[in-house]
Amino acid sequence: MGMYQTICLMVSESDFWDVHSQKVLDRMHDLDFDECPICLLDSFDMEGLQCQLCGHEDSYIDCIECKEEFLASLGEEVGDYELCPVCVRADAAAFNHEKY
Ligand SMILES: [Zn+2]
Ligand SMILES: [Zn+2]
């Protein structure tokens, strides 16, 4: 009986750590880290709007074109508007097409 209890304890202890580390990972996942525009690592805290690694602070703005949210430093100012990286690329492509 004593032996059985010992094994039980060992198993539940390792289970605890498995569950515990999984919870930490889940938490990391829940926190929604995005790619930092500066250091390009997935360490940008989307809630705190600051990179946990390089300390870069950013803000989210809505794209005038597609209405999607994007990081301000990734977009481009076009007159009084801000375009997201996707629309900037689309815009540049259209511009080049017209030009040539
Ligand atoms: Zn960073
Ligand atoms: Zn856009």
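**Confidence, sheet, core and loops of the predicted model**

The protein averages a pLDDT of 81, and 71% of the residues score at least 70. The model is predicted. Helix α1, residues 2-30, has the lowest confidence, with a mean of 63. Strand β3 has the highest, at 94. Where pLDDT is low, predicted coordinates should not be read in detail.

Three strands form an open sheet in the order β1-β2-β3. Their pairing is antiparallel. The edge positions belong to β1 (33-34) and β3 (50-51), and each has a single partner strand, so one side of each is left without a neighbour in the sheet. Strand β2 covers residues 44-45. Two bridges join β2 to β1, and these two strands run antiparallel. Within this part of the sheet, Asp-34 stands opposite Phe-44 of β2. In general, strands of a sheet pair through backbone hydrogen bonds, either parallel or antiparallel.

The largest nonpolar core consists of five residues. Its members are Phe-70, Leu-71, Leu-83, Cys-84 and Cys-87. Nonpolar side chains tend to be buried together in soluble globular proteins. With neighbours within four places in sequence left aside, Cys-87 is in contact with Cys-63, Glu-65 and Cys-66.

Most residues other than glycine have a negative phi. Leu-49 has a positive value, near 55 degrees. This residue lies in the loop between β2 and β3. Lys-67 is exposed, because 8 other C-beta atoms lie within 10 Å and the limit for exposed is 12 or fewer.

A further loop, between β3 and β4, contains Gly-55. Gly-55 has 10 C-beta neighbours inside 10 Å and therefore counts as exposed. Ile-38 is 17 residues from Gly-55 along the chain. The C-alpha atoms of Gly-55 and Ile-38 are separated by 9.4 Å.

Key:
Residues numbered from 1 in each chain as written. Chains lettered and ligands numbered in written order. Predicted model: local features only at pLDDT ≥ 70, side-chain atom pairs only at ≥ 80, totals over all residues. Core = buried A, V, L, I, M, F, W, Y, C linked by C-beta atoms within 7 Å. Buried ≥ 20, exposed ≤ 12 C-beta atoms within 10 Å, placed from the backbone. Contact = placed C-beta atoms within 7 Å. Pairing = 2+ DSSP bridges. Helix = DSSP H or I, 4+ residues; strand = E, 2+ residues; numbered from the N terminus. pLDDT = per-residue confidence, 0-100.
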